[in-house]
Amino acid sequence: QVQLVESGGGLVQAGGSLRLSCAASGSIVIINAMGWYRQAPGKQRELVAVITRDSGTKYADSVKGRFTISTDNTKNTVYLQGNSLKPEDTAVYYCNAHIWGGSYYRDYWGQGTQVTVSS
């Protein structure tokens, strides 16, 4: 089994910054991609950013230029640095990882961490 543990959420003022971390542990052979999604109240979960094993990245248009995704492969950890935060960034942020455990690829999810941006 694989576990994803997130940290770094909290309350921040508009214009401020926040850094989220997500560490993967367990039966991991290959991490093909890791990413962050978010879900605001009454809205569907949406992709924020993803980074692939070859360091390719993709961002939602709403966060381009403000958020940066990165990884520390030695720690199986993905980070999301958010700057110039806006109230509309308020959501529960979920870590996702696409992992090969030895038999097949599978998606795993973290428990979610709340980010609240006050105006």
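Predicted model: local features only at pLDDT ≥ 70, side-chain atom pairs only at ≥ 80, totals over all residues.
Asp89 takes part in two of the contacts described here. With Arg38, the side chains meet at 3.0 Å, N to O. Arg38 sits in strand S4 while Asp89 belongs to the loop between S8 and S9, so this pair ties together parts that are 51 residues apart in sequence. With Arg66, the N to O distance is 2.8 Å. Arg66 comes from the loop between strand S6 (57-59) and S7, so here the parts tied together are 23 residues apart in sequence.

How buried or exposed are these charged side chains? Asp89 has a relative accessibility of 1%, which makes it buried. Arg38, at 5%, is buried too, and Arg66 counts as buried with a relative accessible area of 11%.

The search of the whole structure turns up 4 salt bridges. One of them joins Asp61 to Lys64, with the closest N and O atoms 3.1 Å apart. Asp61 is exposed, at 66% relative accessibility.

Of the 6 residues in strand S8 (residues 77-82), 5 are buried, so the strand is largely enclosed by the rest of the structure. S8 pairs with strand S3 (residues 18-26) in the antiparallel sense, over 6 bridges. Strand S7 (residues 67-72) also runs antiparallel to S8 and is joined to it by 6 bridges. Val78 shows up in both pairings: Cys22 is bridged to Val78, and Thr71 stands opposite Val78 as well. S7 and S8 form a hairpin with 4 residues between them, and Asn76 in that turn has a positive phi of about 50°.

Next comes the nonpolar packing. In soluble globular proteins, nonpolar side chains tend to be buried together. Here the largest nonpolar core has 30 residues, and Trp36, Leu80 and Tyr93 have the most contacts inside it. Elements that give two or more residues to this core include S3, S7 and S8, along with strand S1 (2-7) and strand S5 (46-52). The largest share, 5 residues, is supplied by S9.

The aromatic rings are quickly listed, as the count comes to 2 aromatic pairs. Tyr37 and Trp109 are arranged edge-to-face, 5.0 Å centre to centre with 65° between the planes. Tyr37 lies in strand S4 and Trp109 in strand S10 (residues 105-109), so this contact ties together parts that are 72 residues apart in sequence. The rings of Trp100 and Tyr105 have centres 5.2 Å apart and planes at 65°, so this pair is edge-to-face.

Trp100, with a relative accessible area of 27%, counts as partly exposed, as does Tyr105 with 34%.

Finally, there are charges sitting over rings. Arg45 lies over the face of Trp109, 4.7 Å from the ring centre. Arg19 does likewise with Tyr79, at 4.0 Å from the ring centre.

Conventions:
Residues numbered from 1 in each chain as written. Heavy atoms only, no water. Buried < 20%, exposed > 50% of the residue type's maximum accessible area, 1.4 Å probe, protein only. Pairing = 2+ DSSP bridges. Core = buried A, V, L, I, M, F, W, Y, C linked by side-chain atoms within 4.5 Å. Phe/Tyr/Trp six-rings, centres within 6.5 Å; stacked < 30°, edge-to-face > 60°. Lys NZ or Arg CZ within 6 Å of the ring centre and 35° of its normal.
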